[in-house]
Amino acid sequence: MKQLSASEYVNQNYLHTDDVRLFNKAHKLAIELSNYIDERVNVFEPKRRPLSLTALGICYVKERRICIMFREKRRACDGGDWTECIISKDRVFRVVAHEVAHLKHPNHSKEFKALENQLIEIVLSNYTEGKSQ
């Protein structure tokens with residue numbers, strides 16, 4: 001599986017055009033955080049629908065692939081259009097930190113939680129509203 005550009009995801013209808021800039025920032029963040037913990041992300045991609053009401057991201061550890069939801073898309077049987085459910089930048093960045101932590105700890109152990117908190121602190125210090133990006 002290879003990394004596609006944001007415009008390729010838009011063309012495949014996996015990413016809304018209004019979310020391209022946020023996708024690129026989140027992708028850059030995923031790379032920076034994974035480098036910080038001596039891991040790597042092979043593929044960073046948008047997802048169109050949550051797996052559950054609270055799952056906005058997923059990490060496929062063996063593939064080193066992270067998927068993040070930026071905006072929900074209805075199922076084809078429900079019209080297949082994009083919803084107005086837009087995930088905030090701060091929330092997206094927190095989900096990125098959570099999924100990157102899974103590259104090191106694929107469970108929700110104490111070690112995972114400690115690393116997730118450390119990555120979220122980096123995000124809050126450097127990438128949220130009002131901070132340089």
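Is D38 buried or exposed? Select D38 to begin: D38 is exposed, with a relative accessible area of 66%. Here buried means under 20% relative accessible area, exposed over 50%, and partly exposed in between, computed with a 1.4 Å probe on protein chains only.

The structure on the screen is a predicted model, in which local features need pLDDT of at least 70 and side-chain atom pairs count only at pLDDT 80 or more, whereas totals for chains, interfaces and linings use all residues. Residues are numbered from 1 along each chain as its sequence is written, and side-chain values use heavy atoms, with hydrogens and water left out.

**Stop 1: the whole chain**

Display the chain as a cartoon. Four helices and five strands make up its secondary structure. Helices (H or I, at least four residues) and strands (E, at least two) are DSSP runs, numbered from the N terminus. The chain has 133 residues, of which 45% count as buried. Of the contacts between residues at least 6 apart in sequence, 53% join residues at least 24 apart; contact means heavy atoms within 4.5 Å.

**Stop 2: two loop residues**

Return to D38, which is placed in the loop between α2 and β1. Although D38 is not a glycine, it has a positive phi of about 60°. Next select N13, in the loop between α1 and α2. N13 likewise is not a glycine and has a positive phi, of about 65°. At 35% relative accessibility, N13 counts as partly exposed.

**Stop 3**

Select V10 in helix α1. V10 is buried, with a relative accessible area of 18%. Apart from neighbours within four places in sequence, V10 is in contact with L15, H16, T17 and V20. A distance of 8.0 Å separates the C-alpha atoms of V10 and V20, which are 10 residues apart along the chain.

Now move to L22, in helix α2. L22 counts as buried at 13% relative accessibility. Which residues are in contact with L22, leaving aside its neighbours within four places in sequence? They are F70, I87, K89, V92 and F93.

**Stop 4: the largest nonpolar core**

A nonpolar core is a set of buried Ala, Val, Leu, Ile, Met, Phe, Trp, Tyr and Cys residues joined through side-chain atoms within 4.5 Å. The largest one here has 37 residues. Select L33, F44, F70, V92, V96, V100 and L119, the residues with the most contacts inside this core. At least two residues of the core are supplied by each of α1 (6-11), α2, β1 (43-47), β3 (65-69), α3 (89-104) and α4. The largest share, eight residues, comes from α3.

Stay with V100 and show its surroundings. Not counting residues up to four places away in sequence, V100 touches A30, L33, S34, I37, I66 and L119.

**Stop 5: helix α2 against helix α4**

Select residues 20-36 for α2 and residues 110-126 for α4. These helices pack at an angle of about 135°, with their axes 11 Å apart. Axes are lines fitted to C-alpha atoms, for helices over the stretch in contact, and angles run from 0 to 180 degrees between N-to-C directions. The two helices are therefore oblique to each other: angles under 35 degrees count as roughly parallel, over 145 as roughly antiparallel, 65 to 115 as roughly perpendicular and the rest as oblique.

On the α2 side, L29, L33 and Y36 make the contact, and on the α4 side, Q118, L119, I122 and V123. By class, these residues comprise six nonpolar, one polar and no charged. Ala, Val, Leu, Ile, Met, Phe, Trp, Tyr, Cys and Pro count as nonpolar, Asp, Glu, Lys and Arg as charged, and the others, Gly among them, as polar.

**Stop 6: helix α3 against helix α4**

At what angle do α3 and α4 pack? The angle is about 140°, and the axes are 9 Å apart. That makes α3 oblique to α4. Select F93, R94, A97, H98, V100, A101, H102 and K104 in α3, which meet F112, L115, E116, L119, I120, V123 and L124 in α4. This contact has 10 nonpolar, two polar and three charged residues.
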